[in-house]
Amino acid sequence: MADFVGALDQGTTSTRFMIFDHGGNEVARHQLEHEQILPRAGWVEHNPTEIWERTRAVVQTTLNKAHLDYGDLAAFGITNQRETTLVWNRRTGRPYHNAIVWQDTRTDRIASALDRDGRGDVIRHRAGLPPATYFAGGKIQWILENVDGVREAAEKGEAVFGTMDTWVLWNLTGGRDGGVHVTDVTNASRTMLMDLETLDWDDELLSFFGVPRAMLPEIRSSSSPEPYGVTRAASLGGEVPLTGILGDQQAATVGQVCFAPGEAKNTYGTGNFLLLNTGEELVRSEAGMLTTVCYRFGDAKPVFALEGSIAVTGSAVQWLRDQLGIISGAAQSEALARQVDDNGGVYFVPAFSGLFAPYWRSDARGAIVGLSRFNTNAHLARATLESICYQSRDVVEAMHADSGVSLDVLKVDGGVTANELCMQMQADILGVPVSRPVVAETTALGAAYAAGLATGFWSGTDELRRNWNEDRRWEPTWSEERRAEGYAGWKKAVERTYGWVDVD
């Protein structure tokens, strides 16, 4: 039997391939960034052809680094930025338009119209999501309405839709030469087009967006003993069964082995995503959370989750680097923020794409408030890190209101967890310990777990639990008074961002 499992993590800013051994330990990785295309304010796009080229490169380079061949991989898993939307021609393999990224806000009028006439309530109940620019359904509608020839091609089944998992899988399995057009339940649950109870595309929801069923991929389980397909030598260079697909935040939940109801994790990446496992029960949120599929392994019943999605966290640090130029790299944000003991009264609400959970305000925009002449770039750096933590507290508060679950500890993962000051702030602002695992890149690990479970590489979730080990824990140090005062200031700052842009 092959000794390793590979996982492709197609993220918002980069694509990486990682190889894991039986103990869930990283063997090798390679990562390449791709261009962030910003045609207008609020528009964010990716070049799907560039992403496919990056995919091929990172897989081969990782294998070369590890001195392995395709035959050494027992299975191949995929995880991906979820709601990013792409339509391409199945005969030519050419995209009709750049991929529209989950952060993109061009569909704000589509989302607002759904809420005005009552269709939004149907979407909330059936799909578990509020009408928002975040999700894929409105992005498909925009492409159908604004790109010449797409609707006609979609009606004929020539133009097909996919999130990035579907695009990568289609190319890995042959592309225009027999590529498999499939997604999994976690990605399908982020479209506003899937019924959470049937786990199938819903005709009424499709009609809301004018999406022809012929352009949609088949929905499969997240871990499939019957492979979705096999990597084709012409596409990649070797044959490996593709047996796992999970949207990135669900993958991180699996990587953090949150398999029991009440277990939660928070992933710190471009945005922040906190998921709470609710088991086989569909918990419909009253507090601004999303109801989503957590995972489905084989023919077992699906497991659901409540999710708090935050649009801008790690990318706020990137903004300090790229747009303001006050730091040269993400790591420098910690050193700069440590120059001051507190935020000096400054709050930064990075609502660049509006506010996601629990507010869902597409009319909000970013704001820095509380400035005085006393403040320095160090205060802004600290306020940026605090904004990551305060937004996470917003989600934890809403999740508690929906589920009644109070966190005993918050499991964390993702790139920002390398910032130890930020993690200490998170413990202080939440008032609960924060725990980081040895393998911080749990998104790729979760995709590997899903793929390996399907082939018997791992025997079951109990074995995966034994692989999890804590690397570092942060305990709260703030007084209750300081915690309450800081959070009150944050809530006041959030209110200042409302109504900055007009949404019809």
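**A buried threonine, an open sheet and an enclosed helix**

Thr107 has a relative accessibility of 2% and counts as buried, because the cut-off for that class is under 20% relative accessible area. The model in which this residue sits is a predicted one, and Thr107 is found there in the loop that runs between strand S7 (99-100) and helix H2 (108-116). If neighbours within four places in sequence are left aside, the residues in contact with Thr107 are Thr133, Gly138, Lys139 and Trp142.

Elsewhere in the chain, seven strands build an open sheet of mixed pairing, and their order across it is S17-S18-S16-S15-S21-S22-S23. Strand S17 (290-295) and strand S23 (470-474) are the edge strands, each of which pairs on one side only, and from one strand to the next the twist averages 30°. Within this sheet, strand S15 (residues 264-268) and strand S16 (residues 272-279) run antiparallel and are joined by five bridges; Ala264, for instance, has Leu276 in S16 as its bridge partner.

Helix H13 (residues 420-430) lies across S15, strand S21 (410-413), strand S22 (434-437) and S23, and runs at about 55° to S23. Nine of the eleven residues of H13 are buried, so the helix is largely enclosed by the rest of the structure; among these buried residues are Leu421, Met425, Asp428 and Leu430.

Terms used:
Residues numbered from 1 in each chain as written. Predicted model: local features only at pLDDT ≥ 70, side-chain atom pairs only at ≥ 80, totals over all residues. Heavy atoms only, no water. Pairing = 2+ DSSP bridges. Helix = DSSP H or I, 4+ residues; strand = E, 2+ residues; numbered from the N terminus. Axes fitted to C-alpha atoms, helices over the stretch in contact; angles between N-to-C directions. Contact = heavy atoms within 4.5 Å. Buried < 20%, exposed > 50% of the residue type's maximum accessible area, 1.4 Å probe, protein only.
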